[in-house]
Amino acid sequence: MPITDKISAANKIHEFLNVVVNKGGLRLKYRITVDPPLPEERDWERPEILVEFAGPDSAALLARGGALLRALELLALEMLRLPGNEHEKICFDCRNQRSLRIEELRAAANVAAEKVRTSGTPYQFAPMSSRERRIVHLALREYTDLRTESQGEGLRRSVVLYPGNYKSSSPR
Amino acid sequence: MSETAPDVSGLVEYIAKAMVDAPDQVLVKQLEEGDATVLELEVAESDMGKVIGRQGRVVRAMRALLDAVSDRFDKQYELEILE
C-alpha cells in the first residue's frame, strides 16, 4: 500500500530535518526524493521517499553503526505516524550506507546458510531491527532446504536459520 | 571557533509536539546540572507512550540525536521524561 500523500510526507520530513539542522546546529545537507529510481530490480526494499544526507557532520550519522541515521529515520516515521508495515517506504541514507548494510546482511546470510548446511544445526543471527530481519529472511528464501524464524522479544529479536527438517525445540 | 549554542530545548519541543495528540501540553525545561544541560520533557499522561515509543525506541532516538549535538558542541545534553 503506498503512502497516501507522498508530497505532504516529504514536506513534513523536510520541516523536521530543517529543525534538526537549525536548532540542533548539525552541519547536514539533505536531499529528499519522492519515488526515487532504484538501481536494480529488488524485492527487499523499495523506498517511496529517499532522504540522502551529506555535509561536514554526516560522519556523525554513520558512527556506531549508523545509530544517528536510524534515529532520525525512526523519529520521522513516528512523526508521520506510519504503520509498521509501511516503514520501509521511507529510507534515510548517507554515503550509500543503506546499500552497503544490505549487502553485508545478504553476505552474512549466505555464510550462515553454508554453515547450517554443513553442520546440520541452527544458526542464530545477532539481534536486528524488523527491517533488517526482513532482508535476512528474503535473502535466505532461495535456500529451499533451509527455513528461517524470528525469535525473542523486542530489541533482542533475531533471525534463526534452521535446516529444513530440523525439529525446533525452542520454547517459543 | 565561536558558534551560537544550539537550541536543544526547541529541538526536543518540536519533536515531542510532532509526536503527541496534545501538543499544547508539551513542556520542556532546561536545567544546568554541573557540566550537563538536562532537558526535562513533560507531556500529557495519555501521550507518554508516544514520546517513549515501543521498547523505548523513540526516547532512545531523541537521546541519540542529543548525543550528536553534544559531540558537535563539546557539551553534554541529557533528556529526561517526567512521569
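In this predicted model, A:Arg64 is exposed, with a relative accessible area of 63%, where exposed denotes over 50% relative accessible area, buried under 20% and partly exposed the range in between (1.4 Å probe, protein chains only). The residue A:Arg64 lies in helix α2 of chain A, helices (H or I, at least four residues) and strands (E, at least two) being DSSP runs numbered from the N terminus, and its phi is near 50 degrees, a positive value in a residue other than glycine. Most residues other than glycine have a negative phi. A positive phi, of about 55 degrees, is also found at A:Arg81, again not a glycine; A:Arg81 belongs to the loop between α2 and β3 (90-94) of chain A and is partly exposed, with a relative accessible area of 42%.

Residues are numbered from 1 along each chain as its sequence is written, and chains are lettered from A and ligands numbered from 1 in the order in which they are written. Local features need pLDDT of at least 70 and side-chain atom pairs count only at pLDDT 80 or more, whereas totals for chains, interfaces and linings use all residues; side-chain values use heavy atoms, with hydrogens and water left out.

Between the two chains, 22 residues of chain A are in contact (heavy atoms within 4.5 Å) with 26 residues of chain B. The buried area, that is, the accessible area (1.4 Å probe) lost by two parts on being put together and summed over both, is about 2,000 Å² for chain A and chain B, with 68% of it on carbon and sulfur atoms. Three salt bridges, each a side-chain nitrogen of Lys or Arg within 4 Å of a carboxyl oxygen of Asp or Glu, are counted between chain A and chain B; one such salt bridge joins the side chains of B:Asp7 and A:Lys23 (3.4 Å, N to O). On the side of chain A that touches chain B, the elements giving two or more residues are α1 (6-24) and α2 (58-80) of chain A, and the largest share, eight residues, comes from α2(A).

Leaving aside neighbours within four places in sequence, A:Phe16 is in contact with A:Leu72, A:Leu75, A:Ala76, A:Met79, B:Tyr14 and B:Ile15.
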